[in-house]
Amino acid sequence: MEITFRNMQFDDLLNYSIMEKRYFADTSMLSSHAISFLYESRFSYICEIDGRIVGVSIVENIQNTNLITCLCVESSFRRLNIAKTLIKKTLSAIKEVYGEGTEVEIMCSEMNTNALNLYQSFGFKISKVEKNAYFDETDGLIMKLRIE
Ligand SMILES: CC(C)(COP(=O)(O)OP(=O)(O)OC[C@H]1O[C@@H](n2cnc3c(N)ncnc32)[C@H](O)[C@@H]1OP(=O)(O)O)[C@@H](O)C(=O)NCCC(=O)NCCS
């Protein structure tokens with residue numbers, strides 16, 4: 001089994017979009033992913049196993065904020081530290097460009113304990129609660145990390 005981590009490429013958009021639709025009820029249109037890609041892709045990473053995309057970490061810059069808008073790992077490849085490695089690569093790429101002290105944000109459902117554990121292990125802290133942020137009316141926790 002060959003595991004590779006690399007920067008996201010334009011050709012990945014379709015496969016990433018298909019994967020995202022499997023795991024998130026409210027997803028963006030492919031065209032919107034393409035526009036985001038053209039503006040900002042240097043912090044977005046892909047994990048491939050034997051040439052197949054099994055994990056993504058997507059960063060968009062929205063109103064001067066680096067926002068991780070999608071983090072997802074195929075269910076059969078979870079608990080292998082793939083998400084952890086993707087986040088590490090994303091944070092280190094952001095730090096390289098913007099330096100220490102740069103903030104990164106992510107929004108996570110209050111019910112998603114797996115993801116909350118992961119973000120808290122990196123030091124992300126809840127900065128705001130967005131009521132009924134998700135389609136099932138659960139609250140969204142906006143979490144921030146200051147990269148050191
Ligand atoms: C959340 C998600 C990205 C984690 O991916 P992963 O590759 O399995 O995560 P990792 O193996 O890198 O785990 C890293 C840490 O996350 C936490 N974690 C991940 N899965 C967990 C689980 N099932 N139960 C408890 N903690 C979990 C743990 O802190 C873990 O560290 P540890 O293994 O040292 O305990 C994955 O479960 C996923 O894609 N879920 C569906 C999409 C999603 O919810 N994305 C996040 C949106 S905000």
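Analyst: Two strands count as paired if DSSP finds at least two bridges between them. In this predicted model, I68 has I106 in β5 as its bridge partner.

User: What makes β4 and β5 a pair?

Analyst: The count of bridges does. There are 3 bridges joining β4 to β5 (residues 103–109), and at least two are needed, so the strands pair. They run parallel.

User: How many bridges join β3 to β4, and in which direction do these strands run?

Analyst: Strand β3 (residues 52–62) is joined to β4 by 8 bridges, and the two run antiparallel. The cut-off is at least two bridges, so β3 and β4 pair as well. Across from V59 in this pairing stands I68 of β4, while V73 of β4 stands opposite G55. The two strands form a hairpin with 2 residues between them, and Q63 in the turn has a positive phi of about 45°.

User: Why are β1 and β6 called edge strands?

Analyst: The sheet is open and has 7 strands in the order β1-β2-β3-β4-β5-β7-β6, with mixed pairing. β1 (3–7) and β6 (125–130) each pair on one side only, which is what puts them at the edge. From one strand to the next, the twist averages 25°.

User: Why is α1 called oblique to α2?

Analyst: Helix α1 (residues 13–23) packs against helix α2 (residues 30–39) at an angle of about 130°, and their axes are 10 Å apart. Therefore α1 is oblique to α2: roughly perpendicular covers 65 to 115 degrees, and roughly antiparallel requires over 145. The crossing is right-handed.

User: Which residues meet where α1 contacts α2?

Analyst: From α1 come L13, L14 and S17; from α2 come L30, H33, A34 and F37. By class, this contact has 5 nonpolar, 2 polar and no charged residues.

User: What would you call the angle of α1 to β3, and that of α4 to β5?

Analyst: α1 lies across β3 and β4, at about 90° to β3. α4 lies across β5 and β7 (140–146), at about 160° to β5.

User: Which element gives the largest share of the shell around the ligand?

Analyst: α4 does, with 5 residues. In total, 18 residues surround the ligand, and the closest are R78, A83, K84, N117 and L118. Two or more residues each come from β4 (65–73), α3 (82–98) and α4 (113–122). By class, the shell divides into 10 nonpolar, 5 polar and 3 charged residues.

How values were computed:
Residues are numbered from 1 along each chain as its sequence is written. This is a predicted model: local features need pLDDT of at least 70, side-chain atom pairs count only at pLDDT 80 or more; totals for chains, interfaces and linings use all residues. Axes are lines fitted to C-alpha atoms, for helices over the stretch in contact, and angles run from 0 to 180 degrees between N-to-C directions. Helices (H or I, at least four residues) and strands (E, at least two) are DSSP runs, numbered from the N terminus. Angles under 35 degrees count as roughly parallel, over 145 as roughly antiparallel, 65 to 115 as roughly perpendicular and the rest as oblique. A crossing is left-handed if the near helix is turned anticlockwise from the far one by less than a right angle, and right-handed if clockwise. Two residues are in contact if their C-beta atoms, placed from the backbone, lie within 7 Å. Ala, Val, Leu, Ile, Met, Phe, Trp, Tyr, Cys and Pro count as nonpolar, Asp, Glu, Lys and Arg as charged, and the others, Gly among them, as polar. A residue is near a molecule or strand if its C-beta atom, placed from the backbone, lies within 6 Å of it.
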